[in-house]
Structure formats: structure tokens, C-alpha cells
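Please keep the sequence and the three-dimensional view at hand while reading.

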Amino acid sequence: MVNITKFGTTKEGLPAELYEIVNSDGARAVVSDYGATLVSLYIRDKDGNFKDVVLGYDALSDYENSDSYFGGTIGRCANRLRYGEFILNGEEYTLDINDNGINSLHGGYEGFNKKCWATSVEENAVTFSLISPEFDGGYPGNLIVTIRYEFTDDNELKISYLAQSDADTIVNLTNHSYFNLDGHDSETCLDAELCVNAPFYLPVNEYSQLTGEIRKCEGTPFDFSSPKVIGKDIEVDDIQLRLTNGYDHTLVFEKSERGAFEKCAELKSLNSGICMEVYTTEPSAQFYTGNYINNEKGKGGVLYSKHQGICFETQLFPDAMHNTFFPSPILKKGEKYTSLTTYKFYAVR
Ligand code: BGC
């Protein structure tokens, strides 16, 4: 069942709605056509009580004014493109520089998280669609995008992405939810236990630009190959952790084959008992421990602080146009970009 309520009116006077997908157990995923955003996600804990496990805002205007990307759809290209430029088919393209005065981040000034999307509703799913015009954020080609959120009776949130362009372009879509399995109002996510099937990670420089190196996680604070409390190594004197004020790095999954839809991570709260499994077709995820959240007034007036939520943004390796041995983000005219990520929840005692 999907319940629809008014969210508000944007600065431009466009209406925005909330769509609450309720499953047979009463668990709920609330999404909005503003930014194709995941606003709330109510999951039962080990005592059977619902907890809202994603950070977010109460007011539409907060989503419009914020640069935290809470729950938003990220496009056209997730993460940072060094110097906001790239060359495709011999043409140089210049993107919005909205990060550190030096990078293009998450699609530019008006990324997909700031757009009003068209909506269609099914029994347990909501699909958002958008036409991103040529040179939106600087990117070539008119791009048609659809994002489908399905919430099943097995507490799986399935996010599927589809995009097609009328000219060659680049695409790397993701969702920017900040999870806290003790509830969004719980102060830290660092006490949750994480296990990731990622033998490698991508180091960055002082501007969070990828250095192009693919480094082994083994023997470093980035090793989550067996369950480890997230905060365990976060203060270790590791140059990569210090550069980004905590984890803010791309973890590279071990996959049986390219594009295989496989489990890549498990997050478990030792308090609420809520567990989240992540399955994806993508080769990597940006693992971000909310290092730059700073007294942000969120849902219910709760003040969110540093490390209150973690992001697990499944995607292609960022900045692949400058690191051409990475899987390519190029979407050829008329071809289809597809991607699927499932976040599955359950609780244990
Ligand atoms: C990036 C962070 C950034 C955050 C919010 C994450 O995807 O990796 O560096 O601060 O988004 O913009």
C-alpha cells in the first residue's frame, strides 16, 4: 500500500509529495518526488518497535537549502570529478565546480537531489522519472532517468536505476542515505558492526581527489573483511583517515563477474539488533561516516552531529574519466544504463 501526503511547495512554486510504502508487517519506506529522496525508513528492532533508520529533515525547505544530500538521488555523476572537467569523444566538457573550489561533486549545484521528479505509483513501489536536459550541470546529452523504489514484505528496499541519453555522456547514479540502525536520533553510528567484501579501497589526496591508486585493505583501518565495529580504527594515525576526517573512501568489492548482483556488505547494530545487508550490481561504494555533519537540525528537531549516520553509496568508481583503467561511466547514445541496489533489513536478539 502507498499513502500519499503533501510535503510542501518548492521555492519555484512546484508541489512536492511524500509517498509512504507500507509493507504487510507495517514497516514503511517514505520517499519524495523532491530529489527522488528516501526521507524515512521505519524498521522493527529486536523488541518489535519501529525505528526510523535514516537521517533526514521534516521540512521540504531544509532539503532545498541543505548540502548534506540526506537520502537524495545523486546524479548525473556521484562523487568528485577532479577539476570539474572531462574529455569525451575529443570534446572537453566543463562541469559545475561546487566542491573545494576545485571539484565537481554529486552532479553540481543542482544535482538530481534538488530536482522535482514525475511519479508513478504501484502496489508496493514508487517510480520517479526525470529529463535532465543537455548541459545540465555541464553534462552532454538529454538524459532520461527513472528510479524505482520498491519496499517488499521481506523488508527489502530495492532501488533500481535506468538512464538513456540522446548523445554520448557519462552517468554514475547512487542514493545518499545516511543510515543509523539505532534510529536517526541516536548520536553515533560508530558502534555498529560492519563487514564488507572489499579487498581494496581508493586513496585520495588532500582535495579528496582520487590518486588513481587501488590499495589493499588488508592490514589497514579499511579492512572490514570480518565484522568490525566502525569506530574501532577510525582514530588510528592513518594519513587517509586524517585527510578526510574519518572514513570517506571508495571500497572496491570482490565480484564473481562484472555487474553481478551480489551481497557486498552487512551492517549490524549491537543495540537495536537491526541488521542491514547490501546487495548491488555496482563494483564499489563510497563509505562515508558523516564526517562533516555538524549540528544539523534534522527530523523531529534532533540535532545531528558528526558520525550520526553512515552512507554506503553503491556506484562505479568515481572520477573514472581521469582514471581510464576504472570501469567506464560512459553511456553511449541510445544505450541503457542500469543499476540495482537492495538494502535488506531484519532484527536479531
Ligand atoms: C562524499 C563526502 C561528502 C558527502 C556530502 C559523500 O558522498 O564522499 O566527501 O562530504 O558526500 O557531500
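Which residues does F345 touch, not counting residues up to four places away in sequence? F345 touches L41, I43, V53, D154, N155, F179, L181, I274, C275 and M276, where contact means heavy atoms within 4.5 Å.

The model is predicted: local features need pLDDT of at least 70 and side-chain atom pairs count only at pLDDT 80 or more, whereas totals for chains, interfaces and linings use all residues. Residues are numbered from 1 along each chain as its sequence is written, and side-chain values use heavy atoms, with hydrogens and water left out.

**Nonpolar cores**

F345 also belongs, with L41 and F312, to the residues that have the most contacts inside the largest nonpolar core, which has 60 residues. A nonpolar core is a set of buried Ala, Val, Leu, Ile, Met, Phe, Trp, Tyr and Cys residues joined through side-chain atoms within 4.5 Å. Buried means under 20% relative accessible area, exposed means over 50%, and partly exposed lies in between (1.4 Å probe, protein chains only). Strand β13 (residues 143-151) supplies the largest share of this core, five residues. Helices (H or I, at least four residues) and strands (E, at least two) are DSSP runs, numbered from the N terminus. A second, separate core of 16 residues includes F7, A16, Y63 and Y304. In soluble globular proteins, nonpolar side chains tend to be buried together.

**Cysteines**

A disulfide is a pair of cysteine sulfur atoms within 2.5 Å, and a search of the whole structure finds zero disulfides. C264 is buried at a relative accessible area of 3%, and C275 is buried at 5%.

**Buried polar residues**

N172 lies in the loop between β15 (169-170) and β16 (174-175) and counts as buried at 3% relative accessibility. A polar atom of the N172 side chain is 2.9 Å from the backbone nitrogen of L316. Among the residues that N172 touches are C77, Q315 and Y337.

Q315 is placed in strand β28 (residues 310-315) and is buried, at 0% relative accessibility. The side chain of Q315 reaches the backbone oxygen of E313 at 3.0 Å. Although Q315 and C77 are 238 residues apart in sequence, their C-alpha atoms are 9.3 Å apart in space. The contacts of Q315 include N79, N172 and Q286.

N23 sits in the loop between β2 (15-22) and β3 (28-32). N23 is buried, with a relative accessible area of 6%, and touches F151, T152, D153 and N155, not counting residues up to four places away in sequence.

**The ligand**

Surrounding the ligand are Y69, N79, R80, L105, H106, H176, Y178, D248, Q286, Y288, Y292 and E313, where a residue is near if one of its heavy atoms lies within 4 Å.

| Residue | Distance |
|---|---|
| R80 | 2.9 Å |
| D248 | 2.4 Å |
| Q286 | 3.2 Å |

The protein covers 93% of the 310 Å² of accessible area that the ligand has on its own; accessible areas come from the Shrake-Rupley method with a 1.4 Å probe, and for residues only the protein chains shown count as cover.

Key
A polar contact is a pair of N or O atoms within 3.5 Å; within protein, one must be able to donate a hydrogen and the other to accept it, and residues adjacent in sequence count only if both atoms are side-chain atoms.
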